[in-house]
Amino acid sequence: MGTQRDASRSQCFAVIIGAGFGGIGMGIALKRAGIDDFVIVEKHDGPGGVWEANRYPGAACDVPSHLYSFSFEPWSGWSRRYGPQAEIRDYLHHCVRKYDLDAHLRLGRAVLSATFDDSTGDWRVELDDGSQLEARVLIPAVGQLSVPSRPRIQGLDDFTGPLFHSATWNPGADLAGKRVGVIGTGASAIQFVPEVAREAKHLSVFQRHAPYVFPKYDRPYAAWERRLVRTLPGWQRLDRAFQWFTHEARGFALLRARWLVKSYEWRYRFILRRRIPDRELRERLWPNHPLGCKRILFSNTYLQTLGEEHVDLVTAPIERLTATGIRTADGVDHALDAIILGTGFRATEFLSGIDVQGRDGVRLADAWREGAHAYLGITAPGFPNLFLLYGPNTNLGHNSIIFMLERQIGYVMGAITRLAGEPELSLEIDPEIEKRYNEDIQSSLARSVWADGCDNWYTDDAGRIVNNWPGLTVEYARATRRFDFENYSEVQAGTRLTRPVMPQTSS
């Protein structure tokens with residue numbers, strides 16, 4: 001289908017940005033379709049995406065390993081029910097090797113800009129080493145959690161000790177016997193806080209909002225279970241299907257039967273009583289938002305760590321950083337030797353740092369000035385042959401993003417199969433179709449638990465929920481089951497034709 005071409009050349013059929021689950025999964029789909037003419041650009045020195053970048057102590061996934069992996073590629077390398085960072089990275093390296101993607105990777109290269117050429121119908125992609133790629137299809141697969149967020153705190157640069165973000169962990173920082181401060185209590189912080197507490201002389205955790213932290217039913221896989229996976233891969237697929245179903249059921253409670261959520265909140269009160277004997281600390285750990293409004297977290301050690309004698313939970317707002325620590329609004333100066341930022345990512349700023357210009361020179365940043373939006377989270381009007389993976393409103397609060405990525409990849413392949421056979425064809429989503437779609441999405445989100453007024457990373461500065469999918473994964477699978485050509489128009493030499501692109505029919 002595709003023409004074999006050296007991936008290092010400046011021209012290719014497709015450029016994929018990012019070598020995480022989305023980019024690797026897309027590369028595998030192209031290879032399976034017989035298309036070898038593509039490049040995967042990755043800013044880190046190895047494939048793996050967030051699992052290459054995030055190497056903080058205790059880093060792991062909160063979705064079970066069998067579910068947080070490709071459905072077509074079961075793996076016998078999982079040592080535990082929930083994969084730690086190194087094993088997830090090794091799994092992705094395994095996929096790269098097995099599906100022969102090494103020759104397609106350009107590692108240690110960041111994309112600076114991507115511009116649609118109206119005269120040729122190609123995308124020109126500029127890399128930070130000065131080189132350029134030209135491609136008919138552009139597939140950004142950078143995800144939503146790739147750019148660390150530094151908090152807007154006065155004096156952030158005044159602190160003289162080691163200060164770093166969890167996503168750019170400083171392995172050279174010696175925390176043993178030191179006074180360490182952690183800003184933030186999100187998904188990363190609850191993993192590294194117990195690890196840091198084992199080394200630190202004193203640990204101060206600065207909390208704005210208490211999260212819900214439920215037990216993580218993690219355990220090592222027994223030897224017989226690992227043998228079973230090696231000899232009967234179908235068993236792992238069955239377990240994956242069961243896990244998907246149970247996670248989907250939780251999503252039904254959050255999204256369709258919110259009255260059931262109260263029972264989980266009562267359960268959390270019981271968990272706090274059992275794990276935190278101190279009543280005053282327990283009260284500070286009780287969330288002030290309904291369950292599900294912010295990301296639900298899972299850990300077996302975080303709450304107990306906060307109850308240790310050398311650990312303080314600080315709930316007074318941070319006023320500023322000083323040369324020697326953190327000053328809180330109650331006038332207390334917290335002397336610290338090192339500070340770790342567990343402040344998450346700029347999740348609502350999709351494709352941040354890449355200047356994307358579409359048809360007629362329209363910038364994606366301008367098109368998304370009032371909030372990111374895309375049809376099915378994949379395509380945007382004015383940007384022909386651009387297909388996003390893990391784009392706006394495709395994140396989940398209850399199930400595996402790998403399931404969503406596979407649905408998106410399948411949808412995109414429906415378009416690519418057609419594009420590969422018709423060299424002059426470019427596809428662009430109809431603006432009215434995309435507008436109505438996003439109006440429906442926002443209407444559904446306005447009734448969701450994420451709109452209950454809490455401070456979550458799903459909502460942009462204007463209050464628009466731009467990250468999450470408002471339904472079940474089975475509903476997204478139904479919406480993306482085929483590439484709906486009737487909702488797209490053809491673009492030729494900078495002219496957008498009003499007629500829809502008709503599906504091909506077999507004779």
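Guide: We shall take the overall fold and then a single residue.

Guide: This is a predicted model, in which local features need pLDDT of at least 70, side-chain atom pairs count only at pLDDT 80 or more, and totals for chains, interfaces and linings use all residues. Residues are numbered from 1 along each chain as its sequence is written, and side-chain values use heavy atoms, with hydrogens and water left out.

Visitor: How many helices and strands does the protein have?

Guide: Helices (H or I, at least four residues) and strands (E, at least two) are DSSP runs, numbered from the N terminus. Here there are 13 helices and 20 strands. The radius of gyration, taken over C-alpha atoms, is 24 Å, close to the 23 Å that the globule rule (2.2 Å times the number of residues to the power 0.38) gives for 507 residues, so the protein is as compact as a globular protein of that length.

Visitor: What share of the residues counts as buried?

Guide: Buried means under 20% relative accessible area, exposed over 50%, and partly exposed in between, with a 1.4 Å probe and protein chains only. In this protein, 56% of the 507 residues count as buried.

Visitor: Where is valine 193 placed, and is valine 193 buried or exposed?

Guide: Valine 193 lies in helix α4, which spans residues 189-199. Its relative accessible area is 1%, so valine 193 is buried.

Visitor: Which residues does valine 193 touch, not counting those up to four places away in sequence?

Guide: A contact means heavy atoms within 4.5 Å. On that basis valine 193 touches Val182, Leu203, Val205, Tyr302 and Thr305.
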